[in-house]
Amino acid sequence: MRALRRADGPPINDPAPSRLSYRVERLKLTPAFRFGTRVVLPFVLVAGAIGYWASIAENRQMVADLGTEIRDAIAGRPEFQVKLMAVDGASPRVAEDIRKLLPIDFPVSSFDLELDEILETVGALHAVSSAEVKIRTGGVLQVDVVERQPAVLRRGDRGLELLDATGILVGPAPSRAHYVNLPVIAGEGAHDAVAEALELYAVTGPLRGRLRGFERMGARRWDVVLDRGQRILLPETGAVQALERTIAMDQAINIKLMSRDIVAVDLRLPHRPVLRMSDQAAQQMRQIKAFEAGGE
């Protein structure tokens with residue numbers, strides 16, 4: 001309130017506010033000022049107080065201990081206890097391997113079980129194609145397993161091993177006698193061409209009783225290995241069709257190609273097959289030709 005002075009008398013008080021007070025009053029009426037004083041300022045004060053309180057190490061430790069006590073109290077309740085593990089879908093050998101890899105001391109709280117780590121551990125087994133891990137009602141750690149199915153036997157530096165149809169290792173094989181119905185493969189890169197080996201095995205038919213296996217040559221093509229040291233050398237492409245033609249020729253009347261004294265049938269050049277005879281048969285052939293030449 002300002003004081004006014006009459007020209008001929010004492011000063012009188014002006015009821016109008018000063019310019020500064022007027023501006024302050026106008027500022028208080030703005031939405032931003034009201035929001036700042038009602039929301040922002042209290043929040044800043046509270047956050048500052050909490051930050052100062054949390055900056056003290058003893059206070060932080062007290063909160064951590066309290067959280068641990070609450071968690072332990074909840075985790076220790078009977079409804080959260082896991083009492084045993086069930087493994088379904090696995091053979092006895094694989095189930096035993098899983099139990100050895102997961103040495104869990106039951107009973108254990110479900111809060112202490114890392115299901116992702118358990119799933120990763122189980123899935124790392126060669127014999128496991130896929131797995132699922134969950135906690136079942138009743139306090140049971142359920143492990144469902146889908147095993148890889150052996151498709152071939154691979155003979156290598158580590159002995160006999162089982163591979164599935166995609167060439168992935170399933171596990172070691174105790175002996176050939178345990179898997180008489182599976183074909184044997186060997187050679188460099190054989191595991192990368194399991195699918196083709198299975199196709200070849202499917203058409204061996206009449207020769208299967210004499211079949212010893214398939215050997216990968218130079219990681220490029222297959223040799224069919226038979227008993228008596230005989231081989232069928234297949235081309236890099238069209239191997240299945242070439243083997244089918246050879247078997248058809250072998251089964252033709254009065255031919256019985258693979259029953260003769262032949263070491264190998266070379267089909268690497270599709271339009272020029274070559275028969276390799278044994279040394280004894282070659283010697284006899286030379287003698288016959290020499291006799292015929294002399295007779296003439």
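Asp-164 and Arg-148 are both buried, where buried means under 20% relative accessible area, exposed means over 50%, and partly exposed is in between, using a 1.4 Å probe and protein chains only. Their side chains meet in a salt bridge, at 3.4 Å from N to O; by salt bridge I mean a side-chain nitrogen of Lys or Arg within 4 Å of a carboxyl oxygen of Asp or Glu. Asp-164 sits in the loop between strand E9 (159–163) and strand E10 (169–172), and Arg-148 in the loop between strand E7 (140–147) and strand E8 (152–156), so the pair ties together parts that are 16 residues apart in sequence. Those element labels come from DSSP runs, numbered from the N terminus: helices are H or I with at least four residues, strands are E with at least two.

A quick word on the ground rules, everyone. This is a predicted model, where local features need pLDDT of at least 70 and side-chain atom pairs count only at pLDDT 80 or more, while totals for chains, interfaces and linings use all residues. Residues are numbered from 1 along each chain as its sequence is written, and side-chain values use heavy atoms, with hydrogens and water left out.

Back to the charges. How many salt bridges does a search of the whole structure find? The count is 13. Glu-161 takes part in a salt bridge with Arg-154, with 2.6 Å between the closest N and O atoms, and both of these residues are buried. Glu-161 also meets Arg-158 in a salt bridge, at 3.0 Å from N to O. Is Arg-158 buried or exposed? Arg-158 counts as exposed, at 65% relative accessibility, whereas Glu-161 has a relative accessible area of 8%. Then there is a network of salt bridges linking Glu-215, Arg-221, Asp-223 and Arg-231.

Let's zoom out for a moment. The protein chain has eight helices and 16 strands. Of its 296 residues, 31% count as buried. Take contacts, meaning heavy atoms within 4.5 Å, between residues at least 6 apart in sequence: 41% of them join residues at least 24 apart.

Now the surface. Phe-35, Val-39, Val-40, Phe-43 and Val-44 make a nonpolar patch of about 480 Å². Patches are made of residues with over 30% relative accessible area and no salt bridge, joining like charges within 9 Å and nonpolar side chains (Val, Leu, Ile, Met, Phe, Trp, Tyr) within 5 Å. Val-39 belongs to helix H2 (residues 31–54) and is partly exposed, at 42% relative accessible area. Elsewhere, Glu-114, Asp-116, Glu-117 and Glu-120 gather in a surface patch of negative charge. For charges, Lys and Arg count as positive and Asp and Glu as negative, with His and the chain ends not counted; the place of a charge is NZ of Lys, CZ of Arg, CG of Asp or CD of Glu. Glu-117 is in helix H5 (residues 115–123).

The peptide bond from Phe-106 to Pro-107 is cis, with omega near -5°, and Pro-107 lies in the loop between helix H4 (92–101) and strand E5 (108–109). Which phi does Ala-219 have? Its phi is positive, about 55°, although Ala-219 is not a glycine. Arg-228, another non-glycine residue, has a positive phi near 65° and is exposed, with a relative accessible area of 56%.

Methods
Areas by Shrake-Rupley, 256 points an atom, 1.4 Å probe, with all protein chains shown as cover.
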